[in-house]
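Hi there,

As promised, I am handing over the structure for you to look at. My notes on what turned up follow below it.

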Amino acid sequence: MTSLPTEISNFFLAMQAGAAGGRSMEGLFAAKAIYEEPFSGSVQRHEGADAILTTMRQGWSYNPPDIHIAIEGARTHNEDVLVDWVCYSSSLPGGVGRGTNRFTLEGRKIVKLITSLR
């Protein structure tokens with residue numbers, strides 16, 4: 001498994017913390033970062049750190065208290081780091097959701113994050 005850069009480890013720690021991790025999330029994204037996610041039922045694109053953080057905060061408002069995120073593996077592809085994860089929560093169908101995050105980093109900031117479900 002690929003060793004995770006600090007920025008990516010901090011991203012997952014903030015996600016696991018939910019709303020309480022919002023402050024930690026603030027410094028992780030570049031001002032012009034892009035985030036693509038499928039959580040609203042179709043893929044949505046968010047541009048800019050402020051838009052990304054707004055989307056994250058909206059998502060945290062729905063997080064159940066029993067959510068747990070575990071990293072299953074990580075690998076590099078060109079300049080990107082791909083991280084496979086599993087999310088456990090009683091609010092998910094069957095109690096489990098799986099996905100992959102594709103991170104692009106520049107200068108210790110996340111400049112692109114693409115999330116896909118598996």
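D84 and R75 form a salt bridge, with their closest N and O atoms 2.8 Å apart; by salt bridge I mean a side-chain nitrogen of Lys or Arg within 4 Å of a carboxyl oxygen of Asp or Glu. D84 counts as buried, at 15% relative accessibility, while R75 is partly exposed at 36%. (Buried is under 20% relative accessible area, exposed is over 50%, and partly exposed lies in between, using a 1.4 Å probe and protein chains only.)

Before going further, a word on the source: this is a predicted model, in which local features need pLDDT of at least 70 and side-chain atom pairs count only at pLDDT 80 or more, whereas totals for chains, interfaces and linings use all residues. Residues are numbered from 1 along each chain as its sequence is written, and side-chain values use heavy atoms, with hydrogens and water left out.

Back to the charges. R102 and D80 also meet through their side chains in a salt bridge, at 2.7 Å from N to O. This pair links distant parts of the chain, since R102 sits in strand β5 (residues 96-106) and D80 in strand β4 (residues 80-88), 22 residues apart. (Strands here are DSSP runs of E with at least two residues, helices are runs of H or I with at least four, and both are numbered from the N terminus.) D80 is buried at 13% relative accessibility, and R102 is partly exposed at 27%. Salt bridges with shared partners also join E72, R75, D84, R98 and R118 into one network.

There is a further pair in E47 and R45, whose closest N and O atoms are 3.0 Å apart in their salt bridge. Here E47 is exposed, at 54% relative accessibility, and R45 is partly exposed at 45%. Over the whole structure, the search finds 10 salt bridges.

The other thing I would like you to see is helix α3. With 12 residues (49-60), α3 reaches 16 Å from its first C-alpha to its last, close to the 16 Å expected, which is 1.5 Å times one less than the number of residues. Its buried residues are A49, I52, L53, T55, M56 and W60. They lie on the same side of α3 because they cover an arc of only 160° around the axis, taking the directions from the helix axis to the C-beta atoms. What do the buried residues of α3 pack against? They pack against α1 (6-17), α2 (22-26), β1 (29-37) and β2 (44-47), with contact meaning heavy atoms within 4.5 Å.
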